[in-house]
Amino acid sequence: MTVDNAFMARALELARKGLYSTHPNPRVGCVIVQDGRIVGEGWHARSGEPHAEVHALRQAGARAKGATAYVTLEPCSHHGRTPPCADALIDAGVARVVAAMQDPNPQVSGSGLLRLMQAGIAVQSGVLEAQARELNAGFIKRMEQGLPFVRVKLAMSLDGRTAMASGESQWITGPAARSAVQRLRARSSVVLSGADTVLADDARLTVRNEELGLNAELSALADARPPLRVLIDGRLRVPLDAAFFQAGAAMVATCAAATARDRYLSEGHELLAVPGSNGHVDLRKLLVELAARGSNEILVEAGPRLAGAFARQGLVDEYQIFVAAKFLGSSARPLLDLPLGRMAEAPQLKITDIRAVGDDWRIIAVPLVVAAEAVVPH
C-alpha cells in the first residue's frame, strides 16, 4: 500500500463514523499529514455542523501549513449551511490536497479542486475512489440520477420462505441478525414498508438503540437522526391507531383522496399523494419525491408483493438477505412475488458478500440486469 493509500484509508475509517448521522450530507473524513505524521483528523458528524476538513484543520493548527490534506470527497466550494472547505484549506496554507473522488454535487463537481489549484495547491484525485463511492453510494446516486439508493432487506429460511402460511414470521433469524437490521435502519434516510406488512406484523419500523451494538458516541448520533418511516398504503387500509403510527411521526404514500390529509396531519403524520393506477402507488415517482427531499438511502422492509414490485421494476440497488438455518416448509410464503415462466427470465445477481451473523448468514447481492417495469401490487 502506498503512503497516499494508507492515509486515505484512515480518512475513510473516520468518514465511516458518520454512517448513521450525516444525512442528507455525504460521509466524509479528513486527515492532515505533516512530515509523514498525522497532525489533524476530522469527520463530518451531522448536517449543519462543521465538515471533516474544518475539524482536522482545527486539530492541526499551525502544523497544517505546508502539510498534505487527505479528504474522502472533494472539498466543497460553495456556501451552504457552512463556509467552503476549499477556502479553509487555502487559508490554512496546506501544500497538497489528495481527494478520493470528485463531488457529484453539481454545486461543487470539480470547482473545489479547481479553486485549490488556482491557489497554487497541488491536487490529486482518485485515491481509493471505489471505497469512497461505496461509502456514499446513496448520495452519489441522488446527485447523479435524482434517485435514492434502494436496499431491500429480506429474511428467509434455508428453503427460501419468509413466513408461515398463517403469516407468522417472528422470529426467523436470531438476535445478531436483528441487530444488523437495526443498523441498516439507522444508516438509512428512509425505512419503507407496505400496508400488508404493517397490518400482519403490527410493525413499527423504528430504530431500537439498545439493539444497535454501537459505542455510546455513534449510538447517540444515530438516536438524534432517526430515519423517516414511510408507509405505502394505496388505499389507506392501516388505521391511525396502529402501532406504526403510535410509534411517532410518519409519512403515508397513497393514491387515495387528499381529503384524508387533515386527519393524518392532526395526528402528526404526512399524507403524500403519489400518482398511480387502481390504488397502486407509482414506486419510481415516490422514489423521485423522496430523493428531492434529500433521501440518500432507502431501506425496504416489506412482504413478498411489495418487495417483488421493487424487483420487477428494476428499482433495487442491493439485496441484504438474512438466511436462518431452518426450514419453514412448502406451504410457507415465498421470498418475493416474482412470477417467472422461463429460466431466461430469472434476474441475474452478483453476490458481493457472504458472512455469518450469529447463528444466521447474510448474503449481499446486487442486480446485474435491470428488470422490466411492472405494475405495483400491494
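Author: UniProt positions are given in the numbering used here, and annotations may be inferred rather than shown by experiment. The model itself is predicted.

Reader: Where does UniProt place the feature "binding site"?

Author: The unreviewed UniProt entry puts it at His-51, Cys-76 and Cys-85.

Reader: What makes these residues one spot?

Author: In sequence they span 35 residues, but no two of their C-alpha atoms are more than 9.3 Å apart, so they gather at one spot.

Reader: How do you know that Cys-76 touches His-51?

Author: Contact means heavy atoms within 4.5 Å. Not counting residues up to four places away in sequence, Cys-76 touches His-51 and Cys-85, along with Pro-83, Pro-84, Ala-86 and Val-108. Cys-85 in turn is in contact with residues including His-51 and Cys-76, with neighbours within four places in sequence left aside.

Reader: Why is Cys-76 called buried?

Author: Buried means under 20% relative accessible area. Cys-76 has 7% relative accessibility, so it counts as buried. Cys-76 lies in the loop between β3 (68-71) and α3 (85-92).

Reader: What does Cys-85 count as, buried or exposed?

Author: With 1% relative accessibility, Cys-85 counts as buried. Its place is in helix α3.

Reader: Why is Ile-351 called partly exposed?

Author: Exposed means over 50%, buried under 20%, and partly exposed in between. Ile-351 has 48% relative accessibility and therefore counts as partly exposed. This residue belongs to strand β17 (residues 349-357).

Reader: Which residues form a nonpolar patch with Ile-351?

Author: Ile-354 and Trp-361 form the surface patch with Ile-351, and together they have about 320 Å² of accessible area. For nonpolar side chains, joining requires a distance within 5 Å.

Methods. Residues numbered from 1 in each chain as written. Predicted model: local features only at pLDDT ≥ 70, side-chain atom pairs only at ≥ 80, totals over all residues. Heavy atoms only, no water. Patch = residues over 30% accessible without salt bridge, like charges linked within 9 Å, V, L, I, M, F, W, Y side chains within 5 Å. Areas by Shrake-Rupley, 256 points an atom, 1.4 Å probe, with all protein chains shown as cover. Salt bridge = Lys/Arg side-chain N within 4 Å of Asp/Glu carboxyl O. Helix = DSSP H or I, 4+ residues; strand = E, 2+ residues; numbered from the N terminus. Buried < 20%, exposed > 50% of the residue type's maximum accessible area, 1.4 Å probe, protein only.
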